[in-house]
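Good morning, and thank you for coming.

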2 protein chains.
Amino acid sequence: MEGKGKKILIADDEPDILEVLQYNLTREGYEVTTAKDGDDALNKAKITQPDLIILDIMMPKKSGMEVCEILRTQPMFHETLILMLTALNDESFHIKGLENGADDYVNKPVSPKVLISRVGALLRRSNKDASEKILKRGNLTIDPSRFEVTVDDRQVVLAKKEFELLHLLTSRPGKVFLRNEILHQVWGNDVIVGDRTIDVHIRKIRQKLGLYCINTVKGVGYKFVN
Amino acid sequence: MEGKGKKILIADDEPDILEVLQYNLTREGYEVTTAKDGDDALNKAKITQPDLIILDIMMPKKSGMEVCEILRTQPMFHETLILMLTALNDESFHIKGLENGADDYVNKPVSPKVLISRVGALLRRSNKDASEKILKRGNLTIDPSRFEVTVDDRQVVLAKKEFELLHLLTSRPGKVFLRNEILHQVWGNDVIVGDRTIDVHIRKIRQKLGLYCINTVKGVGYKFVN
DNA sequence: TGTTAATATTAAAAAATTGTAAACTCGGGC
DNA sequence: GCCCGAGTTTACAATTTTTTAATATTAACA
């Protein structure tokens, strides 16, 4: 089962929807709690400390939007994922929701399949620990979840190995990564490749980025500088 | 060189294998001792105090398994890494080897590259030692993880040997390091270089730092002062 | 003060390491 | 099959580091 152990809180004022979603998410292995309005949601959130909260925008007591805003002011919920549910086609709502700190939104009527897929995606994205976080180093941006690198808003396409190598180096700017260390982290423990392989990849990264951000430390390794 | 200073004991009853592995590991910078059977291995282990022991499972006198068990009963070898070598595909042997306290195993026929990679991995894992700590001595700062030296906020670029030599001297200010000691620690035990080599490096360090922080003790060696 | 052994300095040779271009491998898509 | 691209290897040039060798200087001591 997929969602093993992850806790989800669903807040919606329509019992039918609540039931359907709870049923489906539970079946996926998530631990599901429900709330019937905004205040209830805030309460249950504090008590159960969910990994992800699904909020209907239209709710009594407090709207999903308000709940979202309140949650985001509390450090306790800084990392908590929030998914907005809305019956409105109104784009401005979506945008406002995202601005308020929601991580995703899904339109009503909700298809359980779509919801499960989005929930899975969100959890997965936040789950791959720090390695999925977007890195910004000066004019360089690295987005591991999207596999994208930008230099001064210019997007650069890197091959997989190149990307992983750059990602490794940027993960600890200034630290010298020994060639062996690099082989380990990027190529894996028992993969055997020649020594020049690293150089060639470094070269391609330097070339593609058009940026001198990787220093050679002769006889030792490479380090990212800014 | 990578495996600087680390001691490895290889025990195998096949001279050919012994020779190949010794050659390759030595070339990586390890200090290698060999043993031709189980008893020999136990003896040499006590004498040389290796950081890692490579044991063939099938050996005369005592099997690798037995050697492993005996070693593990002695506190002296509690931290010593043990890598098992086996011609058997028998999974149960692997498992038993690991249960007995081996840290890893490699199947025969052994590829030197694979072995080197595994050995490196094992040593690295156990290695997170103090050598990564930033040293500050007055207006001098040495950061081994970044391979950087600064004097009064001015960054000085040292080559590898220069850096290692400075790092060694700085690690114990005031202590006089004999020329032999220096050769051992920085160049490795069996590297043969002339005596003037040290002088030349010392000179370069003094020159680059622009700081008189290394004292000559005539007829003895050098020491770091502040 | 002169002698001597040890170290400092310097330049040049040797070795090691990396940069680079080009070729090769291998799997997937057409 | 053929082509393409990622990944790797190869071979060699370019560069830097390390070592050597030759000479100068220094410190210790008779």
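**From a buried tyrosine to the DNA**

I begin with B:Tyr30, which counts as buried because it has 27 C-beta neighbours inside 10 Å, the cut-off for that class being 20 or more. Please keep in mind throughout that this is a predicted model. B:Tyr30 sits in a loop of chain B, between helix H1 (15-27) and strand E2 (31-35). Its C-alpha atom is separated by 5.4 Å from that of B:Lys6, although the two residues are 24 apart along the chain.

B:Gly120 is classed as buried because 22 C-beta neighbours fall inside 10 Å. From B:Gly120 to B:Glu28 the C-alpha to C-alpha separation is 9.7 Å, while in sequence the pair is 92 residues apart.

Let me turn to chain A as a whole. Chain A has 226 residues, of which buried residues make up 29%. Its secondary structure consists of 8 helices and 12 strands. If we take the contacts in chain A between residues at least 6 apart in sequence, 57% of them join residues at least 24 apart.

Two loop residues of chain A deserve a remark on their backbone. A:Gln49 is not a glycine, yet it has a positive phi of about 50°. A:Gln49 is located in the loop between helix H2 (38-48) and strand E3 (52-56) of chain A. Is A:Gln49 buried or exposed? A:Gln49 is exposed, since 12 other C-beta atoms lie within 10 Å, and the exposed class takes residues with 12 or fewer. The other residue is A:Asp152, also not a glycine, with a positive phi near 55°. A:Asp152 is placed in the loop between strand E8 (148-151) and strand E9 (154-156) of chain A, and it counts as exposed because it has 10 C-beta neighbours inside 10 Å.

Next, the nonpolar cores. The largest nonpolar core has 35 residues, and those touching the most other members are A:Leu165, A:Leu166, A:Leu169, A:Ile182, B:Leu165, B:Leu166 and B:Leu169. Apart from that core lies another, of 33 residues, including B:Leu9, B:Leu71, B:Leu83 and B:Ile116. To return to B:Leu169: leaving aside residues up to four places away in sequence, it touches B:Phe177, B:Ile214, B:Tyr222, B:Lys223 and B:Phe224.

As for the meeting of the two chains, 13 residues of chain A are in contact with 11 residues of chain B. On the chain A side, these residues divide into 4 nonpolar, 5 polar and 4 charged.

I come now to a pair of helices in each chain. Two packed helices are described by the angle between their axes and by the distance between those axes. In chain A, H6(A) and H8(A) pack at about 85°, and their axes are 10 Å apart. H6(A) and H8(A) are therefore roughly perpendicular to each other, a term that covers angles of 65 to 115 degrees. H6(A) contributes A:Lys161, A:Glu162, A:Leu165 and A:Leu166 to the contact, and H8(A) contributes A:His201, A:Lys204 and A:Ile205. By class, that contact has 3 nonpolar, 1 polar and 3 charged residues.

In chain B, H6(B) and H8(B) pack at an angle of about 85° with axes 10 Å apart, which makes H6(B) roughly perpendicular to H8(B). Here B:Lys161, B:Glu162, B:Leu165 and B:Leu166 of H6(B) meet B:His201, B:Lys204 and B:Ile205 of H8(B). The residues of this contact divide into 3 nonpolar, 1 polar and 3 charged.

Finally, the DNA. How many residues surround DNA strand D? There are 23, the closest being A:Ala159, A:Lys160, A:Val193, A:Arg196 and B:Ala159. Helix H6 (160-171) and helix H8 (196-209) of chain A, together with helix H6 (160-171) and helix H8 (196-209) of chain B, are the elements giving two or more residues to that surface. The surface near DNA strand D comprises 8 nonpolar, 5 polar and 10 charged residues.

Around DNA strand C there are 16 residues, and A:Asp199, A:Thr216, B:Asp199, B:Arg203 and B:Thr216 come nearest. H8 of chain A and H8 of chain B each supply at least two residues of the surface near DNA strand C. By class, that surface has 4 nonpolar, 4 polar and 8 charged residues.

Thank you for your attention.

Terms used. Residues are numbered from 1 along each chain as its sequence is written. Chains are lettered from A and ligands numbered from 1 in the order in which they are written. This is a predicted model: local features need pLDDT of at least 70, side-chain atom pairs count only at pLDDT 80 or more; totals for chains, interfaces and linings use all residues. A residue is near a molecule or strand if its C-beta atom, placed from the backbone, lies within 6 Å of it. Helices (H or I, at least four residues) and strands (E, at least two) are DSSP runs, numbered from the N terminus. Ala, Val, Leu, Ile, Met, Phe, Trp, Tyr, Cys and Pro count as nonpolar, Asp, Glu, Lys and Arg as charged, and the others, Gly among them, as polar. Two residues are in contact if their C-beta atoms, placed from the backbone, lie within 7 Å. A nonpolar core is a set of buried Ala, Val, Leu, Ile, Met, Phe, Trp, Tyr and Cys residues joined through C-beta atoms within 7 Å. Axes are lines fitted to C-alpha atoms, for helices over the stretch in contact, and angles run from 0 to 180 degrees between N-to-C directions. Angles under 35 degrees count as roughly parallel, over 145 as roughly antiparallel, 65 to 115 as roughly perpendicular and the rest as oblique.
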